[in-house]
Amino acid sequence: MTLAAAPAPTFDKGLANTIAAETQMSFIDGGKGVLEYVGIDIDSLARNSTFEETVYLLWNRRLPNRTELAAFTQSLRDEYELPEGILDLVRTMPREATPMHALRTLVSALSLYDAEADAEGEEANERKAIRMLAKTPALIAAFDRHRKGKPFVAPDAKLSMAANFLWMLNGAKPTDAVAKALDVCLILHADHGLNASTFAARVTIATLSDLYSAMVTAIGTLKGPLHGGANEEVMIMLREIGAIDRVESYVMDRLARKDRIMGFGHRVYKAIDPRATYLKTFSKQVATDTGNLGLYEMSRRIEEIMAREVAAKGIYPNVDFYSATTYHSIGIDLDLFTCMFAMSRIAGWAGHCIEQLDGNRLIRPAAAYVGPHGQPYVAIEDR
Ligand code: CMC
């Protein structure tokens, strides 16, 4: 028997033209600027849904009825609490540590307290996904309180995920408007096709490793400034600019030096990112309500200059651009912005991992070797 020759692999730097997985969760049309979760337009979800309902949609591929939503929400609230050992670990962490390093470590540590950490099968993975999603806000809040020398705040199972996070972070109940603003950001960040961190999570789970390991891989990947770290970089940029009359020279200088303007450009969108469209209007409202309109106006001016200078290249604001203003306006510290992204995207990562395991195949692309051949082994004393 002879084996049929496999087609020769082609080199696709950055995998921009490779379809590496199938998903039923989110659909993106980068040319038209469309994003749908299970066929529902993102704008309509941001206006009408809640984060909990959106996660149910992503994980079950349909909207829940009232009873299903109540049961799902309760299953998350039942898991808000952190194990005492995790709180002890937070207490030992250096206060100056970067929150994303702390979060990656703490999600990894959660596995040590989960008797099902290595359990296989869809149901066990769904239970683990609920645990990780429900506990991540508490991890972020606990680390932030620890570094500020403040006591931990126990979760309140009567609150939504967004409101409970803000309660644990600040020790005060958020207003409905502020909780809603965070809830909208969580909806907008929940899933986004095969982005870099989701791909990383799928690679990990495809080896038949476990869901905790996949989430840790994804958090490490999200942290980079070309991916989820961009929202923090946007805020740093807005601070550096400082005033609206300095925007033009700042942006033009950066572009002249071929430096990137963070929060712009996207591998998939060559039109405006629909999440940015929604957040632009939304962040204006939130910024106005919280006395941060100056920040919004600066962002709008950056967008105008970028439209004039680089829109022809298909570079428009992405989700990170106006989410920076929104997070700042609702009182989230700059170095927690990327943690906010992770808190939401765990929904997408976990959903993708469960999809990957259904008909799994190891993800193992090839590398083109470009080094020398036929080299002699030289003894160490002769080198
Ligand atoms: N500012 C200025 N020029 C840019 C930018 C930008 N933000 N993004 C891309 N370009 C230019 C780039 O210099 C290149 O120009 P040229 O063809 O003249 O050399 C051209 O656009 C194509 O860039 P690329 O790097 O080949 O595009 P890519 O698809 O590999 O990169 C990206 C996509 C998101 C990494 C990139 O646009 C970028 O670095 N943006 C800034 C970081 C950022 O905001 N990331 C968040 C992405 S959205 C949320 C998420 O997924 O996490």
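A salt bridge is here a side-chain nitrogen of Lys or Arg within 4 Å of a carboxyl oxygen of Asp or Glu. The structure is a predicted model, and by this rule it holds 29 salt bridges. Side chains of opposite charge can pair when their charged atoms come close.

One of these pairs joins R202 and E355, whose side chains meet at 3.4 Å, N to O. Because R202 belongs to helix α9 (residues 196-206) and E355 to helix α16 (residues 337-357), the pair ties together parts that are 153 residues apart in sequence. R202 is buried, at 3% relative accessibility, and E355 is likewise buried, with a relative accessible area of 12%. Elsewhere, salt bridges with shared partners link E248, E297, R300, R301, E304, R308 and E309 into one network.

K158 is exposed, with a relative accessible area of 69%, while D156 is buried at 10%; their side chains form a salt bridge of 3.5 Å, N to O. K32, exposed at 67%, forms a salt bridge with D29 in which the closest N and O atoms are 3.9 Å apart. D29 counts as partly exposed, since its relative accessibility is 21% and buried means under 20%.

E116 is buried, with a relative accessible area of 18%. Its side chain makes a polar contact of 2.6 Å with the side chain of R127. Apart from neighbours within four places in sequence, E116 is in contact with A124, R127, K128 and R131.

Technical notes
Residues are numbered from 1 along each chain as its sequence is written. This is a predicted model: local features need pLDDT of at least 70, side-chain atom pairs count only at pLDDT 80 or more; totals for chains, interfaces and linings use all residues. Side-chain values use heavy atoms; hydrogens and water are left out. Buried means under 20% relative accessible area, exposed over 50%, partly exposed in between (1.4 Å probe, protein chains only). A polar contact is a pair of N or O atoms within 3.5 Å; within protein, one must be able to donate a hydrogen and the other to accept it, and residues adjacent in sequence count only if both atoms are side-chain atoms. Contact means heavy atoms within 4.5 Å. Helices (H or I, at least four residues) and strands (E, at least two) are DSSP runs, numbered from the N terminus.
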